[in-house]
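Thanks for coming, everyone. Please have a look first.

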Amino acid sequence: MHFKSLAPYCLSAIVGLLIAGGSAGAEDPSVEPYVADNANDANSANSANNANDANDANSDKESAPTELDTSSIEEMLITSQSRNTHDEQSISETSFSQRDLKEMRIQDISDIARFTPGLEINTAFAASNPTLFIRGIGLKDYNANAAGAVPVFSDGIAINSPVGQLFQLFDVKNVTVLKGPQSGRYGRNATAGAIIIDSNLPNGEWSSDGLMTYGSYNAVEITGAIGFPIVDEKIAGRVAFTYNRRDGYTRNGCAGWDPEANGWLENSRSKLEEYYQALNPSSSTVEVYRNATGGRPTQRYVYGNAAVAAELFNLTPAASSEPAYLANFEKNILISPQGQIARPKYFDVNGNSVYTPSGNRFETHSSADRICVLENPGYILNNQNSIESAGRFVAEPNRVLFEDFQNLKTWTNNVNNWASRAMFLFTPSDNVEILFNFHGGQNLGDSAHLQPIIALAGGPREGVGTNACEDPANPCQSPGDLAPFREKTPAGLGDSLGGWNEGVAGEPTEIIPELKESGGAGAGRSGADPYLGFYDRDGQELLDIWGASIIARWELDGASLHSLTGYEANQRLVEDEGDATPIRVLYTDWSDSTWQVSQEFRIDGESDDFSWGAGLFALHEELDAENRFPAGLGRSWTQRFDQSLSSFGAYAGGHYDFINDRNARPWLEMLRVSANLRLNRELKQFSLAVDVVDLKTGNQADVINADPQKATWTGLTGDLMLSWQPMNLDSQEITFHAKYARGMKNGHFNAGLTQNPDGNDQNKVASLLEAVNPEYNHALEIGFDSRWLEQRLTLSGAFYRYWYADLQVFDLVNEPGSLPTQQLLSADANILGFEADLQIMPTEQILLGFGINWLDSTFADGFVVQKRNTIGAQGNRGDPLNIDYSGNPTIAAPEFTLNGTAQYTFYLFDWGTVSPRIDYSYQTEVFLDPQAFELIGMPAYWYVDMRVAYMTPDEGIEVAFWMNNVTDQQYLVDVFDVTREFEEILQVWGEPRMFGVTVSFTY
């Protein structure tokens, strides 16, 4: 069946109706009927039928394309999931045409999640490594080797590396989201679903189209494509490109930081040296005395008069306080509010008090500037028993200097990328077609900047002993026995909490002046501005992507032979600010490179009652990665891993019509059984090593240096489906289907391991590096697709029930005294859901659409995870806690998602059309961690887009005014828990309201 999301599904189906019809009470004969962009696309056959039938309710239905046109290279070459139309009507999917993508401003695959019930796409990066979930199933793993449960196919080629899956869409014919296991045939095996991207192809004619956009934050978008003949009826070409740039929308409060303007004393290297010199350090030994009246002289290297220093530094502390800027000096040297020595200890020969260092370091106090520069940049080192002119500056390792903030950009989260594609279609004969595809692109924008919530990790609740939950047979029932994460409010500050946890720097939290007026209790959701951050690094996400493919088709007697050969590569460097604070705590530099080659051969054929297909698929990928954590807990960590993957598949299947158009009878127009079987085999080789350098001593040690791992998985997958069409009339049609599928996702290695949580136990390291088991999905789906009232009302729906075994679960383990460490777990899960899609066309000018997905997705019994108890001093590991996550929601699985659209078309007679449009979506709360705590999740929210477009009568030019996120909704797209060591929860926020104008043309 065509189970389509409302917004994309209905638009291409009825825009022709809206444009072809007249204004109320009159028809404009000058307006040509619109033919849906995907009218001949097998992936959108129902949309085409709707558009054609809606334009002529009394037309002969057989004139609409209801079967796949096997003579069209445009269908066979680019669709890796090519299916007969009847089969497709029994598969749940959401499809977006080229017009949908433009009108909804969909620029990469993450944008389609808002308009696709059951689809969740999250990412902590700007242009790479999305995590894809369909109906509660996916893998929240951001490492470069994390091929998830939802593969992405671009022009027939499986993009295995997640680094290359989130690049922008341009010159695309349609995007299709398939839901449920795609495990019987064609391409890469999948357990949750698949996303298929099909580009516009050369057609041998001159054509051009493009668009130009200017919008909020100086956004500039330019996209264009040119099609052209090269050799008449033999060689055709098409070249397309896109360029996007936009200024950042998150302000860095530390960029160009001026502490004195904000009431703080500057804490910098230059100021440190200035203070040191202001005390007039003597260049020779000086006789000083223990009392003002003389006595036994003491020869020391000394500083000048304390009262002068106090005046220089404008210090007026109470008599019982030490000077704030003169740390590490001889104790009991106090300054009165008048700047006089209260209890002098050393005097010169004239009886004047002097300052003498208690050691050989001169440094400023770290509390001098508690907004951006939170740590001492370094100190002046001298020898108090020898003659030196001034001493020398020694920088503290990996500290942020005041000077570093002067060169930062004021605005972050900018966009800067481009991509291009060249395609050539060679037709040497009537039965042979070959498509050459060359493509590449580059991202030069910022890495994603996060926001923090200051929070404490929840330990056992009151009444639950600190040594409870230690027995794996009697674990804590999370969150029943464990306290939820709670926001941290320091005593005396009330609700005026700063935007991050300065406690990681060893200081109490300060009120941030710029956030004080917000009245909130922290950053982001807690009330402060999520688009104001305090960072010490700009951060870039540098990404290069390139590839090529050759796709060919040969028409044989009674069969078609297809070959799909592809090469894809990418190289990435992400300078991740990481910790959302102006100190270096979780800096990360992600660096990796990947290349893959793939080859698929398939053959298919059909007769009156039977169609069949078979094929072979192979993919090989090589990955190398080096990730650096240059400031983790006072050490610099370097993690290196590489992975080699070889995947193979052999598949065969077909369908048989017991009843079809030739032998239809009343109330039984079609009865079909379909079956597919696939053999999967995958081999992975994986190695990982981690070394650490102490930033103070320079000592280096190997943390992990384990033997390479190797694993092979083999399994059978497939599906069985029955389709029944009791009615197929011009005015109404209904089709039912029942489908069983068995999906398989191969095992996975944990590339996020950075240290051994159990010290030097190498056996434990080996166990942590072992691959998790393959996951299996037994899926049952029962659904229907119907059209009523001469195609003016379309209703589709599907019930689904999944039984998952060994679901691969990502967990972020941030134990006290250690870096956050990623681990992979295996858990069973039970999933039950329902999807429905309703579209209504009450008149020829009005479109109303609604979609809904209800999902009950929980971990099954026996999902017990061991963590460390955080009760006690920070840095102590504490006793192990066994926490039972059974019954918790699976990750990225909202209970309800809704989406819809409303559009009205005004016909301006000979002047064209004006079409206002609104798209909206809603989702309930989503948890992004198996703990299912509120602070590690995304609250429910509505999202609304609006657009008003004018189109010329010949449809050659369109001018559209648009606004995204009309209500300026603040919504989260990802969350990370690092409370156990850093007392933070890190948040990734979506884009604020944006608006602009787009001018597009087609010739």
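First, the ground rules. This is a predicted model, where local features need pLDDT of at least 70, side-chain atom pairs count only at pLDDT 80 or more, and totals for chains, interfaces and linings use all residues. Residues are numbered from 1 along each chain as its sequence is written, and side-chain values use heavy atoms, with hydrogens and water left out.

Now the overall picture. The protein has eleven helices and 50 strands. Both are DSSP runs numbered from the N terminus: helices are H or I with at least four residues, strands are E with at least two. Of the 1003 residues, 60% are buried. Buried means under 20% relative accessible area, exposed means over 50%, and partly exposed is in between, with a 1.4 Å probe and protein chains only. Take the contacts (heavy atoms within 4.5 Å) with a separation of 6 or more: 71% of them join residues 24 or more positions apart.

How far does the confidence go? The average pLDDT, the predictor's confidence in each residue from 0 to 100, is 76, and 73% of the residues score at least 70. Residues 489–527 fall below 50, yet this stretch has 97 contacts in the model beyond near neighbours in sequence. Residues 871–877 are also below 50, with eleven such contacts. Where pLDDT is low, the predicted coordinates should not be read in detail.

Next, the interior. A nonpolar core here is a set of buried Ala, Val, Leu, Ile, Met, Phe, Trp, Tyr and Cys residues joined through side-chain atoms within 4.5 Å. Which residues touch the most other members of the largest core? They are F96, I112, V175 and I195, in a core of 62 residues. Strand β36, residues 793–813, gives the most to this core, with five residues. Apart from this core lies another, of 51 residues, including A124, F170, V690 and V692. Back to V175: leaving aside neighbours within four places in sequence, its contacts include F96, I112 and I195.

On to charges. A salt bridge puts a side-chain nitrogen of Lys or Arg within 4 Å of a carboxyl oxygen of Asp or Glu. By this rule there are 33. In one, D209 meets R238 at 3.0 Å, N to O. D209 is in strand β10 (residues 207–215) and R238 in strand β12, so the pair ties together parts 29 residues apart in sequence. D209 and R238 are both buried.

A second pair is R628 and D589, with the closest N and O atoms 3.7 Å apart. R628 sits in strand β29 (residues 610–632) and D589 in strand β28 (residues 588–606), so this bridge ties together parts 39 residues apart in sequence. R628 is partly exposed at 31%, whereas D589 is buried at 14%. Elsewhere, salt bridges that share partners join R99, K102, E103, R917, D919, R947 and E958 into one network.

Last, two single residues. F241 is in strand β12, residues 235–246. Is F241 buried or partly exposed? Partly exposed, with a relative accessible area of 40%. Q923 is in strand β43, residues 913–923. Q923 counts as buried because its relative accessibility is 8%. Not counting residues up to four places away in sequence, Q923 touches E120, P894, F896, T897, M938, A940 and Y941.
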